[in-house]
Amino acid sequence: MEDGAPQCTCPSTCELSEKRSQPVCGTDRMTHGDACQLRIFACRLMRDIRVAHEGPCADDTTTRMPYQRPRKTTRHVSNHVTNRDSHSTLPYGDVGYFCKSDGDCFVDGTYCNSGRCSCRPGYEATADNAACQRSFDIMLSDAGTGYMIPSFSGNSYLELTKIHHGNSRITIEMTFRPLKPDGLLLFAAQDQTGNGDFISLSLVDGHVDFRYDLGSGISRLVSTSPVNMNVYHKVVAQRFGKNGMLQVNGGHEVSGVSPGALRSLNLKSPLFLGGLPIATSKVVENIGTEKSFVGCIEVLRITDEKNTKDYSLVYPASDDINLAVHIDECMDNPCDSSPCQNDGTCMALQTTYQCICPLKYSGLTCTVEQTLACESFPCAEGATCVDLPGGKFTCTCAGDQQGELCDQKIEIDVPQFNGASYLELKTTKNLETALNFEIWFLSTHPDGVLLYNEQDGEESGDFLSLNLVDGYLQFRFDLGSGMADIKSSFPVPLNTWNKVSIIRNEKQGVLTINGAESDNGQSKGSLKQLNLHKKFYLGGFPSAYHPDSGIISGFRGAIQRVYEDNILVDGLYDSSISSAGISPYLGPPCPPESNPCTNGGTCVPVLNDFQCRCTEGFSGKKCESTSVVRMKSNPVSFDGRTYHRYLNNINEKFRAESKNSFEIHFHTLGVRGLLLLVHKSETVAGDYLAIAINSGHLEVSFNLGKELSTELFSLRSPVRVNDGHWHTLTFKRDERSASLQVDNGDVIYGSSKEGANQLDTNGDLWIGGSRNPPEGLPKSYRSGFVGCIESVYVNDSPLDLDTDRVNFSPLNFCDV
């Protein structure tokens with residue numbers, strides 16, 4: 001009880017049984033050391049923060065008072081870390097483990113120093129690297145005695161009882177002795193994350209900096225002259241209503257007025273001296289410094305509307321102190337002379353000191369400049385270089401890199417998700433009125449999102465989600481007038497491959513698992529269009545989910561294939577726009593330790609079965625048979641759902657062509673399907689060239705930039721080719737003039753409109769179909785080709801349909 005009202009007290013430590021639990025990602029999108037630390041953090045910030053999922057967040061937004069920063073050469077995608085000297089086997093986040101930021105270190109009292117999780121100055125790791133304890137020599141110097149005047153090292157802070165009656169008037173008097181010209185002296189706030197009202201005292205470039213915000217803007221008062229180092233100063237900071245006053249050492253008063261009409265200061269957090277346990281980027285922006293105070297604070301007196309309080313800073317006797325972190329005695333401190341140069345941190349020992357130097361410097365007082373290994377950019381592009389002591393370095397690899405220098409590519413044919421992963425892919429279709437997705441997946445956990453998209457990050461906007469909840473699949477979408485909620489009638493088996501399809505047509509939705517009976521539903525209200533970005537996310541999402549999506553956590557497992565409108569999304573990882581936390585799946589049906597394909601064959605998973613891509617001279621289910629006619633010489637099979645991408649000049653890209661020549665030997669029974677496509681624009685209003693089967697006849701259409709989308713140029717052969725026999729098409733274009741011939745039949749001639757002679761494309765050549773054909777093509781061009789293609793000649797040169805590919809769709813062959 002306090003002032004007759006009940007008070008809640010937050011715990012300051014976790015039970016021993018909870019300290020070794022794994023890190024968790026909170027609903028605040030920040031990584032916390034464990035669930036207990038999350039509860040303490042939420043309690044002290046007076047915010048409703050819960051566990052979103054186990055494991056670190058995909059995009060950790062935590063910012064701590066920095067000690068050292070790694071030198072970053074390029075971007076990073078995951079936390080695959082390689083050390084030039086040794087490979088760590090420590091548990092993730094323990095003392096000594098590789099790190100990129102303080103958020104990677106989960107042991108209490110650790111921070112990221114030179115690429116490894118280290119104990120704060122004055123502390124050392126326990127034998128199992130699972131905790132930090134006071135260094136033996138420090139314990140000798142103040143064993144059991146505490147301190148009379150607190151000394152702050154730049155990694156220290158005091159948490160004091162909060163200010164209760166400072167709404168309309170508050171006066172802060174402080175006596176301090178600084179050793180560094182920058183650092184936080186005092187901070188209290190409405191919300192410890194930096195949102196709302198706050199009041200702060202700091203040193204910024206040697207000047208005393210007094211700031212407060214009543215909710216309508218920051219008022220800043222700065223001393224006219226800088227303060228001297230290593231001598232005591234008295235500062236008086238006063239705020240009454242909107243007005244403020246700052247005085248240093250009895251000198252000139254600096255005054256100011258806060259903007260806006262608000263006049264009351266609402267403070268709910270504890271009062272912090274010398275630093276903060278966690279400083280968000282918003283807090284750093286508000287107070288004007290990211291550094292903690294170095295020096296001593298002898299006196300703190302605060303006067304509010306009701307009384308004057310002299311805070312006792314004597315520890316552990318003081319009742320005003322909630323928590324003291326890395327505080328030492330100020331008297332007879334060997335660091336008083338500020339012996340450490342170049343931003344080195346001084347650590348007081350019994351009768352001497354030790355300087356902890358930035359990586360750029362070494363020596364007793366950090367005066368010896370040295371060259372950093374990362375200045376030569378030794379890590380491969382896409383990796384992050386982190387300097388280590390002694391001129392060494394470590395490379396933090398991106399998700400598809402490995403090796404000491406991250407210069408070896410990891411092939412990710414089947415992406416694996418860890419609960420904090422995601423893939424962002426572009427959708428090629430307009431999802432407004434209809435959509436059709438099929439996903440082949442294996443889940444190791446009963447909860448997790450498979451597919452997600454939303455409208456502009458709006459909590460009340462349209463969204464689409466396919467999500468596992470307690471083992472059941474849940475298909476939801478909202479068109480803006482009420483949500484459709486379709487749940488599978490049976491749970492999905494875990495640790496095995498499954499196939500799910502979702503179809504939406506206006507308000508109607510259909511969910512089908514492994515070909516079983518479908519579950520149906522519809523959205524509410526009258527709206528029929530779904531407004532989403534032309535992209536979708538697999539396995540997770542880099543921001544907060546729509547509150548109605550029902551998503552509990554990210555996906556844990558693997559995704560083998562995705563079909564959109566019955567067209568395979570080729571190379572999920574390689575075609576993604578962005579990704580996080582993705583690794584290669586190495587489980588059944590193609591485990592690398594027991595490859596079912598013999599004689600050097602490559603295993604290609606097909607749900608719970610597999611196909612073997614055999615090397616030359618072998619064939620059979622497992623490549624066990626010697627083949628007189630090598631499989632690769634057989635015609636390539638197309639099923640209407642797969643297609644292959646090549647360079648439009650076989651070995652290189654030509655983005656501008658005045659001439660084209662194609663010859664294709666094929667057979668089919670299909671009445672429609674795209675055989676070949678080159679293009680640049682997303683619509684037929686731009687340049688493109690397409691060869692397709694339309695109503696059983698061969699047809700060629702192209703635009704050099706002058707055709708109207710409503711009057712497309714085309715050549716059509718009178719020969720019907722969907723008879724199952726082998727046919728050869730020959731197409732030639734010389735600027736505007738074009739010709740088409742089937743087998744030895746008559747040659748069909750035509751010319752496009754005047755004004756353009758050159759075909760401009762992105763340099764990609766698609767065979768068998770395309771996931772993203774230009775909008776405006778006839779319907780038959782948007783279907784994939786079904787049949788066999790034996791040979792393709794591009795500009796009179798043979799195209800190897802296997803080895804010349806630049807994508808990773810499964811390659812199947814027709815019988816001879």
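Ala237 stands opposite Leu246 in β17. The model is a predicted one, in which local features need pLDDT of at least 70, side-chain atom pairs count only at pLDDT 80 or more, and totals for chains, interfaces and linings use all residues. Residues are numbered from 1 along each chain as its sequence is written, and side-chain values use heavy atoms, with hydrogens and water left out.

Strands here are DSSP runs (E, at least two residues), numbered from the N terminus, and two of them pair if DSSP finds at least two bridges between them. Strand β16 (residues 233-240) and strand β17 (residues 243-248) run antiparallel and are joined by six bridges. These two strands form a hairpin with two residues between them, and Gly241 in the turn has a positive phi of about 60°. Strand β16 is also joined to β11 (residues 169-178), again antiparallel, by eight bridges; Thr171 has Gln238 of β16 as its bridge partner.

The whole structure holds 15 salt bridges, each defined as a side-chain nitrogen of Lys or Arg within 4 Å of a carboxyl oxygen of Asp or Glu. One of them joins Lys360 and Glu375 (2.7 Å, N to O). Lys360 lies in the loop between β25 (353-356) and β26 (361-362) and Glu375 in the loop between β27 (368-369) and β28 (384-388), so the pair ties together parts that are 15 residues apart in sequence. Lys360 is partly exposed, at 23% relative accessibility, on a scale where buried means under 20% relative accessible area, exposed over 50%, and partly exposed in between (1.4 Å probe, protein chains only). Glu375, at 33%, is also partly exposed.

Another salt bridge links Glu682 and Lys426 (2.9 Å, N to O). Since Glu682 lies in the loop between β55 (672-679) and β56 (688-694) and Lys426 in strand β33 (residues 422-426), the pair ties together parts that are 256 residues apart in sequence.

Methods: Helices (H or I, at least four residues) and strands (E, at least two) are DSSP runs, numbered from the N terminus.
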